Amino acid sequence: MSLFRAITAEEEAATAVIRALNVRKYPNAERLKERQHPHKAAIWPFITAIADKLAEKNIAMPTMSLRVEGEPRIELSIDIAGQAGLDQPFWGTPDEPFNWTFWSDRTGPFKPHDFSEELAALASEKGARDIEAYIADEANRRNQLLYASDQGIPSVAFADSLLIGRRQRVTVMLVVTIAILQTKMHQLFLVQCLDALLRTIARFDGDPLDMPTLDSTVPRLELAEQPDGSMKASIIRPVTGYGFR
């Protein structure tokens, strides 16, 4: 029962992310269906793929803080010193937590990174033939606990670390939900990630996508993967009314 509740808590947290994207009317967010288990099960693997990419490029995981002056707000800061060629820490804090971009030049001119390689590697690590199979397996875990099969009534044994890990997933997704809802702005990295997530889901939903390009005029923190695999980071200076610090 504890594992079942942990799995359903993660599903509800993923539902919160999907609903938040729809409430804020992100482009094509309505294609994410909160009642479809594969859609909910895709949220955490995608977050994992992002974390894997940051780790691969030696970018420290962003730090989160809660600003309590005025209305409480989540703020995200990224140390881009290494990618900016600096010896001392250099923290970029966008005006909104995910109002930054991640570009890549692996296949030609710079374009938003789609995390497809990271998702494929994640599926391979889990023993799945592809990300579609991995997400389908994740979505089916609850049913495997609930229903008997040809092998009999299910029974499970697991360490406490599994429950702790699920709690961490829930916490991260709730933070993402709050960050989405705290502003009406369409934050650039969320637009980028939603595009990539929908393209991943479309591999088994079969829906063609026509995603808008990112608005490069919006102030942002920019991470760019160079053709040789190295990373460069820069802060695109904001217009009046926005700021990084």
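Visitor: What should I know about the model before we start?
Guide: This is a predicted model, in which local features need pLDDT of at least 70 and side-chain atom pairs count only at pLDDT 80 or more, while totals for chains, interfaces and linings use all residues. Residues are numbered from 1 along each chain as its sequence is written, and side-chain values use heavy atoms, with hydrogens and water left out.

Visitor: How many salt bridges are there?
Guide: The count comes to 10 salt bridges, a salt bridge being a side-chain nitrogen of Lys or Arg within 4 Å of a carboxyl oxygen of Asp or Glu.

Visitor: What does E10 meet in a salt bridge at 2.5 Å?
Guide: The partner of E10 is R166, with 2.5 Å from N to O. E10 lies in helix α1 and R166 in helix α5, so the pair ties together parts that are 156 residues apart in sequence. Helices here are DSSP runs of H or I with at least four residues, strands are runs of E with at least two, and both are numbered from the N terminus.

Visitor: Are those two buried or exposed?
Guide: E10 is buried at a relative accessible area of 8%, and R166 is buried at 9%. Buried means under 20% relative accessible area, exposed means over 50%, and partly exposed lies in between, with a 1.4 Å probe and protein chains only.

Visitor: And which helix holds R169, the other partner of E10?
Guide: R169 is in helix α5, and its link to E10 in helix α1 spans 159 residues. The N to O distance in this salt bridge is 3.1 Å. Both R169 and E10 are buried.

Visitor: Changing topic: how many aromatic pairs does the structure hold?
Guide: The structure holds 4 aromatic pairs. Rings of Phe, Tyr and Trp (its six-membered ring) pair if their centres lie within 6.5 Å; planes under 30 degrees apart count as stacked, over 60 as edge-to-face and the rest as tilted. One of the pairs is F46 with F115, which is edge-to-face at 5.6 Å centre to centre and 70 degrees between the planes.

Visitor: Where do F46 and F115 lie?
Guide: F46 is in helix α2 (residues 37–56) and F115 in the loop between β5 (111–112) and α3 (116–125), so the pair ties together parts that are 69 residues apart in sequence. F46 is buried at 5% relative accessible area, and F115 is buried at 1%.

Visitor: Why is the W100 and F189 pair called stacked?
Guide: Their ring centres are 4.1 Å apart and their planes are at 10 degrees, so the pair is stacked. W100 lies in strand β4 (residues 100–104) and F189 in helix α6 (residues 188–205), so this pair ties together parts that are 89 residues apart in sequence. W100 is buried at 3%, as is F189 at 4%. Ring pairs also link F46, W100, F102, F115 and F189 into a cluster.

Visitor: How many cavities of 30 Å³ or more are there?
Guide: The structure holds 1 cavity of 30 Å³ or more, and the largest cavity has a volume of about 140 Å³. On a 1 Å grid over the protein atoms alone, a cavity is a set of points where a 1.4 Å probe fits but cannot get out; a pocket is an open set with protein on both sides within 12 Å along at least five of seven lines, and lining residues have an atom within 4 Å of a point.

Visitor: Finally, which residues form the nonpolar surface patch?
Guide: V156, F158 and L162 form the patch, with about 230 Å² of accessible area together. F158 is in the loop between α4 (131–146) and α5 (160–181), and is partly exposed at 31% relative accessibility. Patches are made of residues with over 30% relative accessible area and no salt bridge, with like charges joined within 9 Å and nonpolar side chains (Val, Leu, Ile, Met, Phe, Trp, Tyr) within 5 Å.

Key
Areas by Shrake-Rupley, 256 points an atom, 1.4 Å probe, with all protein chains shown as cover. Points joined across faces, edges and corners; volume = space filled by probe spheres on them.
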